[in-house]
Amino acid sequence: GKRIGPMITQPGVGILGTAQAADYKEADAELAKKIDEAFVRLNVEGKVIGYTSNGIIGRYEVKLNRAFRVSNIPRLNAALKAELGLEDLRIMSPLIGTSNIGLEVPVSPARPITFRTLFEASSLKLRKSDYKFAVGKTVDDKIFSYELSKAGHILIHGNRPNYDTPVIDNILLSLLMKHNTHDLKIAIRADNDTYDDYLDVPHSYGERMSPSDNDSMKLFLKELNDRSVQFRRAHVRNIQSYNSRVKFESRKPTLVIIIDDLSAIIKNKNPEPARALIQILKQGKPLGIHVIANHPETEDALRYEMLQLLQTKIAFYDSNNNAVNGTDELTEGNDALAVIPTSNKPNRISIGTVTKQVKQSVFDHIKHNNR
């Protein structure tokens, strides 16, 4: 690992297991032929001219006649689904930089995107102190990564337990691989032991508490108010400016709060936890306090204010599009739309996989080499 201080080393890439299978970019020639034949039967001038894939979703680029109207795309989508027998077909129109359309279909068999692939193929491997995280790949095989300071607060919407899509694990491991206990703290608010492994690392901040507890946000609200006073006295407005002015031992770590079920706070009869959460969402970003809220039940629509404050959204299949428009066209499982504050256009991403062995290897390294 890279040395960053006395008895502190960062985990090496070698402990992250295996990379993604090398053949994930190969197209299904038989399906490409069926698509061309389907256009002939539908009497639409179109031909497959390219293919790209991230190993989970494949996109066939189709060149249409210039006279084809975009308003006919919904009818074309329905017709192609019937012709090809692909209920999970999704049409992207037009593809960026072209006048062509993209036919997106799940790859079978899928080639899982491992966390090692995400770490090695992105700027995370440079070990910069930018609090960048990676959660998966876009359909055009680009790593979806973003900086926590720009992401603000993150909403994970519709990620049901049976999907087994570890978005939070990808985010936290990305941060743990690059930041020591002086730079990063992690707090857990959950009813079960899903994230108890993170309580054993030196980065842990407080004990696990149920999000439905009346005092679940009290500790963070105090930290928020303390930082606000200290930053004001130092005549600074954000954590970067504050840490650049004070001594090393007085610097503030970035605090990441994991809320495993946001509805537990919203439905609490006591309004105090919800009020505290709103205050944290409004003021926490420049102070270095970030919330990652999991909201698995798509039937429970979030208030508009909450959706606006949770600026970065990673939304899974939702027939009602309660968080991000277009989630009704996703496949159930490892398939999501991601929206970042600097763009209103969602990116379709496939979430990376994190095995228990990889997690344990990272935890073991941190516990034994951060003393």
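Reply: Buried means under 20% relative accessible area, exposed over 50%, and partly exposed in between, with a 1.4 Å probe and protein chains only. This is a predicted model, in which local features need pLDDT of at least 70, side-chain atom pairs count only at pLDDT 80 or more, and totals for chains, interfaces and linings use all residues. Residues are numbered from 1 along each chain as its sequence is written, and side-chain values use heavy atoms, without hydrogens and water.

Me: Is Tyr-198 buried or exposed?

Reply: Tyr-198 has a relative accessible area of 0%, so it is buried. Tyr-195 is also buried, at 9%.

Me: How many aromatic pairs are there?

Reply: Rings of Phe, Tyr and Trp (its six-membered ring) pair if their centres lie within 6.5 Å; planes under 30 degrees apart count as stacked, over 60 as edge-to-face and the rest as tilted. The count is seven. Among them, Tyr-195 and Tyr-198 form a tilted pair, 6.4 Å centre to centre with 40° between the planes. Tyr-195 and Tyr-198 form one aromatic cluster with Phe-363.

Me: What is the order of the strands in the open sheet?

Reply: Strands of a sheet pair through backbone hydrogen bonds, either parallel or antiparallel. Strands (E, at least two residues) are DSSP runs, numbered from the N terminus, and two strands pair if DSSP finds at least two bridges between them. Here the order is S3-S4-S6-S5, with antiparallel pairing. Strands S3 (46–53) and S5 (90–92) each have a single partner strand, so one side of each lacks a neighbour in the sheet. Three bridges join S5 to S6 (residues 101–106), and Arg-90 has Glu-104 in S6 as its bridge partner.

Methods. Helix = DSSP H or I, 4+ residues; strand = E, 2+ residues; numbered from the N terminus.
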